[in-house]
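Subject: Structure handover

Hello,

Please find the structure below. My notes on what was found in it follow after it.

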Amino acid sequence: MKHTLQTLLDSISQGVYLLGADGRMCLYNDRVCELLDIPSAFFDSHPTLEELNTFQMQRGDFGDDACLVDNNARQYVLADGHAPIPTHFLRQTRAGRTLEVRSRILPHGGMVRTFADVTDYVQAEAARKQANELLYATQAIAELGGWEIDLQTKRVTWTEGVYRIFDTLPKDFHPTLENTRQLFTPAAQAIVDASYRDTGVPSKLHEFELEMITLTGRHIWVHSRGTSVWSGGRVIKRTDIVQDITRRKQTELALRDSETRWKLALESVGDGVWDLQVQTGEEYLSPQLLRMYGYTEGELPTAMAELDQRTHPDDVVQMQRNREDHLNGLTPTYSNEHRVLCKDGSWLWVHSRGMVISRDAQGRPLRMIGTHTDITERKTAEELIWQQAHFDTLTGLPNRRMMQERLAQELKKCRRDGLQLAVLFIDLDHFKEVNDTLGHDQGDTLLMEAARRIQACLREVDTVARMGGDEFIVIITELAEAAHLQVILPKLLHTLSSAFQLGHDKVYVSASVGVTVYPMDGQTIEDLFKNADQALYVAKGAGRNRFSFFTPALQTAARERAQLMSDLRTALVAQEFRVVYQPIVELATGSIHKAEALVRWQHPTRGLISPAAFIPVAESSGLIVELGEWVFVQAARQVKHWRETLHPQFQISVNKSPVQFENPNLQHVPWIEQLDQLGLPGESMVVEITEGLLLSSSDGVLDQLLSLRDDGINVSLDDFGTGYSSLSYLQRFDIDFVKIDQSFVRQLVAGSTDLALCQAIIAMAHALGMKVIAEGVETALQRDLLKAAGCDFGQGYLFSRPVAAQEFEALFTQTTSNGG
Ligand SMILES: Nc1nc2c(ncn2[C@@H]2O[C@H](COP(=O)(O)O[C@H]3[C@@H](O)[C@H](n4cnc5c(=O)[nH]c(N)nc54)O[C@@H]3COP(=O)(O)O)[C@@H](O)[C@H]2O)c(=O)[nH]1
């Protein structure tokens, strides 16, 4: 029997030993020796359990503090066998194997103990547990779960993740086909039901986004993706991976809401919205944006490349560059102003603004959104302002500013290419007279026609600009030789001196042209302008209807003029002026009771300067107003004195420049009041004016002339014969004296044309009730001829040069004593 039992024990895979009622080992198999690594001899010595434990303990089979033995047996091992024997425990061997140990107390005393090697099972179980924990953790993180629906067995299986998604635990909810229906919203149920329907093409894969309700009543969004098994036109099994996508969905919905809101907001202020999928080039255009261009939905392409073709060719490169810069992250936002083609063929100016709102992990732009604002009105206004700032409204020619910009460009080009250019200052002669006589409208017509004629003489590359009034500037570019100007200039003079038809009137003007050449005369705009102006001054001074080239001598003269002007400003305060008087002799009697007051400038360094040199400078600087007033005051005091000492009707003439009439200083006490204060009547003074003044259409000038007459101050028309010599004007303004210009007197001999002219002037003046004074009488013959012609007065070196008051008095005394 014992032998049979031993054979049985040796044939099993577990290790076994048996303790008899006396507590000693009585039976064991080889397997237990192998598993416990104990020699059979030890077992053959029939050890007690304590002796076996001590043997193993001393060998270190249980590890420090019995760490190789599980909790069930640790106390027992440490108590050295005096603790109750655990029926079941696990222990490790020194070789690293796991043994499951079971103990059974036998009814008659003694014990049987079995050892099973469970190493493989324990390791597999540990790995499975670890995998499960990982799966659980990842499902929790990804908010994932899985379910399986077996429609044949009607069994629904959920993973832990699904329980969590639906706010429950496996112990609280057992999913079935029926109770899981409560988790579906009607919309979700409809989607799922449809997927079960047999469409003839059974779909193995399915994917839904479902709005569902958890067991706590929370609305959630679930993404479900899985496979279906079909049989006989029905789904019999379905397995899904389920993911809670509530947060993503809420973000999407919020984004959609906010997008809708901003799109609506932008559209309501009139902006159009665009939305570009950068990677595909697909572009959404909002209804308002389409409306801006005159389109309705579906009429425009949605590809960015095609839409780009609707951008104005002049603007498209810049627009694409700005957009690329932003897409490449070079600018924080995209902004560009460009023109877009509308349905009706017109161009609409838009301000396009945008921003990339999403990029992929590599930083590549995915989506860019933006707006178009219609800025046509602003652009039109800007263009108009620019046009007005750069062009002359009357002629449409560039104005001074534009011309300067062009000249700057042309000079750059000339410097680069070694070319020459010419600057022409053109001034229309007698334009003022046309304006004054025919009115401003006709004057404007003449200017427009003059502009056209100037342009016609030039090439496309040349520039004609109007500076204002009757002044034009021409830039002649790419001038190979300055000699070419000799062709252009006469053409210009000729065209401008040809008749202008203004309504029914045919009028003639001419032009004075000042010319300067780059780089010969000057290098800068400033120098060229100065030069051309000086040359123009010369052309005008030389008798008009001519051109004059700039020369260095002109520059010297201009510099002198500038110096003169600067000195003039201080001369009055420095009391450098004085007045001299030239007698005006009554030819019939030789008596003197008139004189002309003439100003003289005693310059501290340059000596006596002729009024012929400084009066024009005083006029152009406006200083003549103060100077003329000062002369009048001196003359008035003088006439008072001479009325008292020389002759009670003594009269002094003063010259009054047109500039004084045009710019009266309202601070000055009116002349008649000054005379009143001196106790003098108006007729004690004569005002000498030039013919041109009578043509003035200015109300102010006319009023002043008429009030002089009303005040009794006499008016004398100077230099008669050199200007218009219009008799009708003489009559209209009640002129008292006509002064025959020196140029007629100078060559006066019997039988000459000049004498005939003088006779005619005298006769006409007398016929109109005026007296005549002949200027520049230097010889007795001239005096006699004039006297014979009936001329009333003579003035000239024959009688006396202009002299100081004291000298004049001596002359008067001498003449009177001579019986003059
Ligand atoms: N607005 C003002 N103009 C003035 C004033 N003082 C002078 N002038 C003007 O300056 C111009 C030159 O004047 P002036 O050098 O004084 O010459 C005058 C005479 O000296 C000169 N004259 C007189 N007789 C003769 C003569 O026999 N021969 C000859 N060669 N010259 C002579 O003529 C000038 C007078 O001209 P006018 O005034 O036209 O009578 C001159 O235009 C002055 O008008 C001033 O205070 N204000």
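I start with one residue pair. D784 counts as partly exposed because its relative accessibility is 37%; here buried means under 20% relative accessible area, exposed over 50%, and partly exposed in between, with a 1.4 Å probe and protein chains only. R783 is partly exposed too, with a relative accessible area of 29%. These two residues form a salt bridge, and their closest N and O atoms are 3.0 Å apart. A salt bridge is a side-chain nitrogen of Lys or Arg within 4 Å of a carboxyl oxygen of Asp or Glu.

Before going on, some background. This is a predicted model, in which local features need pLDDT of at least 70 and side-chain atom pairs count only at pLDDT 80 or more, while totals for chains, interfaces and linings use all residues. Residues are numbered from 1 along each chain as its sequence is written, and side-chain values use heavy atoms, with hydrogens and water left out.

The whole protein

The protein has 30 helices and 31 strands. Both are DSSP runs numbered from the N terminus, helices being H or I with at least four residues and strands being E with at least two. Of its 820 residues, 45% count as buried. The protein exposes about 42,200 Å², and carbon and sulfur atoms supply 53% of that; accessible areas come from the Shrake-Rupley method with a 1.4 Å probe, and for residues only the protein chains shown count as cover. Among contacts between residues at least 6 apart in sequence, 56% join residues at least 24 apart, where contact means heavy atoms within 4.5 Å.

Are E596 and K739 buried or exposed? Both are buried.

Another salt bridge, between E644 and K640, has its closest N and O atoms 3.2 Å apart. Both residues lie in helix 21 (residues 624-645), 4 residues apart, which is about one turn of the helix. E644 counts as exposed because its relative accessibility is 55%, whereas K640, at 29%, counts as partly exposed.

An open sheet and its helices

Five strands form an open sheet in the order 12-11-15-14-13, with antiparallel pairing. Two strands pair if DSSP finds at least two bridges between them. Strand 12 (282-285) and strand 13 (334-341) are the edge strands, each pairing on one side only. From one strand to the next, the twist averages 25°. Angles run from 0 to 180 degrees between N-to-C directions, and axes are lines fitted to C-alpha atoms, for helices over the stretch in contact.

Within this sheet, strand 14 (residues 347-359) and strand 15 (residues 365-374) pair in the antiparallel sense over 9 bridges. V350 stands opposite D374 in strand 15. Helix 12 (residues 316-327) packs on the sheet and touches strand 13, strand 14 and strand 15, its direction making about 145° with that of strand 13. Helix 13 (residues 376-390) lies across strand 13, strand 14 and strand 15, running at about 125° to strand 14.

A helix pair

Helix 15 (residues 431-438) and helix 16 (residues 440-456) pack at an angle of about 140°, with their axes 6 Å apart. From helix 15, F431, V434, N435 and L438 meet H440, Q442, G443, L446 and L447 of helix 16. The residues of this contact divide into 5 nonpolar, 4 polar and no charged. Ala, Val, Leu, Ile, Met, Phe, Trp, Tyr, Cys and Pro count as nonpolar, Asp, Glu, Lys and Arg as charged, and the others, Gly among them, as polar.

An enclosed strand

Strand 27 (residues 685-689) is largely enclosed by the rest of the structure, because 5 of its 5 residues are buried. In a regular strand the side chains alternate between the two faces of the sheet. In strand 27, M685, V687 and I689 point one way and V686 and E688 the other way.

Which strands pair with strand 27? Strand 26 (residues 651-655) pairs with strand 27 in the parallel sense over 4 bridges, and the bridge partner of S653 in strand 27 is V686. Strand 28 (residues 714-720) also pairs with strand 27 in the parallel sense over 4 bridges, and there the bridge partner of V687 is V715.

Regards
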